[in-house]
Amino acid sequence: MKALEDKILNEGVVKSGDVLKVDGFLNHQIDVAFLNEIGKEFYRLFKNNGITKVLTIEASGIGVAVMTAQYFDVKVVFAKKSKTINISDDVYHTHVYSYTHQINNEVMVSKHYLNQDDYVLIIDDFLANGEAVKGLIDIVQQSGAKVAGIGIVIEKGYQKGGQLLRKLGYHVESLAIIQQMNDVTGEITFKND
Ligand code: 5GP
């Protein structure tokens, strides 16, 4: 998505530890009109997949998921994070290693909001090593629902998550794929450059 690549080039800041900061439109301040265009694009890419629910993980995935779900006219469920969780019979739970915080989070979704009839579109802001998406897939599998697609705003293509998920056969669509970024020069290149 050319407009997204341009926005990343104009506003993104490359930090050490392979972290791209896009706080100006995605991770702190939300550019609603722009995220709306992202939602539309995910709808275009997945509209024939029979989506009945959009699933994401708090916090940064929620804005994108909401803008996307309005086009499918379905509800959004977000997995809740906690360092510890009181495991009960009412929840699906798994753990996710956080790329940015470098800690393990327990994440959970109430059994009320996902069931075996659902066709789930998983949405997240970034794809790095795939830990967050793998956790969400685990939750979908526990519910008996199907993963109908995975939509990512920014994939760091040189990290292993994208390859891993595509090898497993999932339909992954990333709106921008970073080929390389340099925290010293600030340079960012995209896969289709
Ligand atoms: P993964 O689980 O694929 O290793 O990492 C993806 C998760 O970590 C995303 O949910 C996102 O919140 C965070 N993340 C990974 N890389 C970056 C990055 O470069 N910038 C930002 N802002 N978040 C990232």
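## Tour of the ligand site

By class, seven nonpolar, four polar and five charged residues make up the shell around the ligand. The model is predicted.

The shell numbers 16 residues, and the closest include Leu20, Asp124, Asn129, Gly130 and Ala132.

The side chain of Asp124 places an N or O atom 2.8 Å from an oxygen atom of the ligand. The ligand taken alone exposes 500 Å², of which the protein buries 90%.

Now colour by secondary structure. Two or more residues of the shell come from each of β2 (19-21), β7 (119-127) and α5 (131-143). Strand β7 gives the largest share, four residues.

Hide the ligand and look at the space it takes, which is the largest pocket. This pocket holds about 800 Å³ of space. Select its lining: there are 32 residues, and those closest to the pocket centre are Ser98, Tyr99, Thr100, Asp125 and Phe126. The elements that supply two or more lining residues are β2, α2 (23-27), β5 (91-97), β7 and α5. In the lining, too, the largest share is four residues from β7.

Finish by colouring the lining by residue class. The pocket is lined by 14 nonpolar, nine polar and nine charged residues.

How values were computed
Residues numbered from 1 in each chain as written. Predicted model: local features only at pLDDT ≥ 70, side-chain atom pairs only at ≥ 80, totals over all residues. Heavy atoms only, no water. Near = heavy atom within 4 Å. Polar contact = N/O pair within 3.5 Å; in protein donor to acceptor, adjacent residues only side chain to side chain. Areas by Shrake-Rupley, 256 points an atom, 1.4 Å probe, with all protein chains shown as cover. 1 Å grid on protein atoms, 1.4 Å probe; cavity = no way out; pocket = protein on both sides within 12 Å on 5 of 7 lines; lining within 4 Å. Sits in = over half its atoms within 2 Å of the grid points. Nonpolar A, V, L, I, M, F, W, Y, C, P; charged D, E, K, R; others polar. Points joined across faces, edges and corners; volume = space filled by probe spheres on them.
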